[in-house]
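Hi,

Here is the structure I promised to pass on to you. Have a look at it first, and then read on for my notes.

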Amino acid sequence: MMNTRMVRRIALATTAALALTAGLSACSFASDGNSADGTGKVRLAINNTVASLPAVVADERGFFKDEGVDIELTTVTDISKIPATLGKQYDIGFGVQPTLILAASKGIDIVMVSGNAITSEEEPEYVIMARPDAGIKEPKDFVGKNLGSPTLNGNIHTGTLYWLEQNGVDAKSVNSLQVPTATMVDQLEAGLIDAAEMQQPYIEIAREAGMVEAGYALSAVSNPTSMSSWQAERSWAENNLETLKKYRNALDKAIQWISDNDDEARDLLAEFTGLDRNVIGDAPLSTYSTEMSVDSVEQWDAPMRAVTSFNADLDYSSLVVK
């Protein structure tokens, strides 16, 4: 008979695959044009992870409605596609800071309109987990090793490579492989990868499987680190400042509700992502904040210059809506 850990692993892989399929098949319901303050729908593009939980809660619990914001949610699997759709297919979109910076450097007139998820060394939600026999105890041990990442162009991997460089390790000496998060533990156990960049609730699953923590790389970027935000096309944002204020108010109510209703929030997360409730368990949820600052974007400048081809000159103060 299969043990409990294996059953949970199969459930995780299955539900993650179903969630991905749902994300890929999601359709958008575009309105007849951009909304104006107090009128029309705000077309919101979210992703299918715990990072979008406040927006889902704000919609499900009626906080958007209470603020007078008519939200139309669409799940988008590949968030790198969102910036180019803002002001056209969507009004507000989920994104990570490196994506915002890259979009701006390519001429997309985009601004951050709300903070979202943050992480810190004191409450890490993204860590590197390794096989206990891989011999990875410090940055230099990653040389020649196979490192699994959910995406090779995202904020987690950019932060990891920067952390290695800051500790004297050539990022190119590590074999970076894109690996679906849901299969990371299996690939670690099979020896296909030596370590993996993980987030909750997968970190707890990896620990149950005997994996060990090999580092909190995002400390090299900043502490705390701004991981994601809500973004919009500049002219839409500037013409809808009152709507954006209401949008952030609704998110603040949702963040407080998540804090006050942990079990219900996890139930909603399971329903939204397609993950089994037992898989989510009691793993720490993300830390959320709608606060915005220039630093929350600019802190990613040095990492991107160090480990990617990014070399544009940007005025970061212009990337945060006034």
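Predicted model: local features only at pLDDT ≥ 70, side-chain atom pairs only at ≥ 80, totals over all residues.

On confidence, the protein chain has an average pLDDT of 87, and 88% of the residues score at least 70. Residues 1–34 need some care: pLDDT stays under 50 there, although the model has 46 contacts beyond four places in sequence for this stretch.

α2 spans residues 53–60 and is mostly covered, with six of its eight residues buried. The buried ones are Leu53, Pro54, Ala55, Val56, Val57 and Ala58.

Next, the strands. β3 (residues 92–95) is covered on both faces: Ile92 and Phe94 are buried on one side, and Gly93 and Gly95 are buried on the other. It has two pairings that I noted. With β1 (residues 41–46), β3 pairs in the parallel sense over two bridges, and with β12 (residues 229–233) it pairs in the antiparallel sense over four bridges. Glycine 93 takes part in both pairings: it is the bridge partner of alanine 45, and its own partner in β12 is glutamine 231.

There is also an open sheet of three strands, in the order β11-β5-β13, with antiparallel pairing. Its edge strands are β11 (225–226) and β13 (287–288), each of which pairs on one side only. Two bridges link β5 (residues 117–119) to β11, and isoleucine 118 stands opposite serine 226 of β11.

Is arginine 131 buried or exposed? It is buried, because its relative accessible area is 14%, and the cut-off for buried is under 20%. The side chain of arginine 131 makes a polar contact of 2.8 Å with the side chain of aspartate 194. Leaving aside residues up to four places away in sequence, arginine 131 touches Leu188, Glu189, Gly191, Ile193, Asp194, Met211 and Val212.

Valine 212 counts as partly exposed because its relative accessibility is 34%, between the limits of 20% and 50%. With the same exclusion of residues up to four places away, valine 212 touches Ile128, Met129, Ala130, Arg131 and Pro132. Its C-alpha atom is separated by 9.1 Å from that of isoleucine 136, a residue 76 places away along the chain.

The largest cavity has a volume of about 80 Å³, and its lining is made up of Val50, Glu125, Tyr126, Gln199, Gln200, Pro201, Leu269, Ile280, Ala283, Pro284, Leu285 and Ser286.

That is everything from my side. Happy browsing!

Best wishes

Definitions and conventions:
Residues numbered from 1 in each chain as written. Heavy atoms only, no water. Buried < 20%, exposed > 50% of the residue type's maximum accessible area, 1.4 Å probe, protein only. Contact = heavy atoms within 4.5 Å. Polar contact = N/O pair within 3.5 Å; in protein donor to acceptor, adjacent residues only side chain to side chain. Pairing = 2+ DSSP bridges. pLDDT = per-residue confidence, 0-100. 1 Å grid on protein atoms, 1.4 Å probe; cavity = no way out; pocket = protein on both sides within 12 Å on 5 of 7 lines; lining within 4 Å. Points joined across faces, edges and corners; volume = space filled by probe spheres on them.
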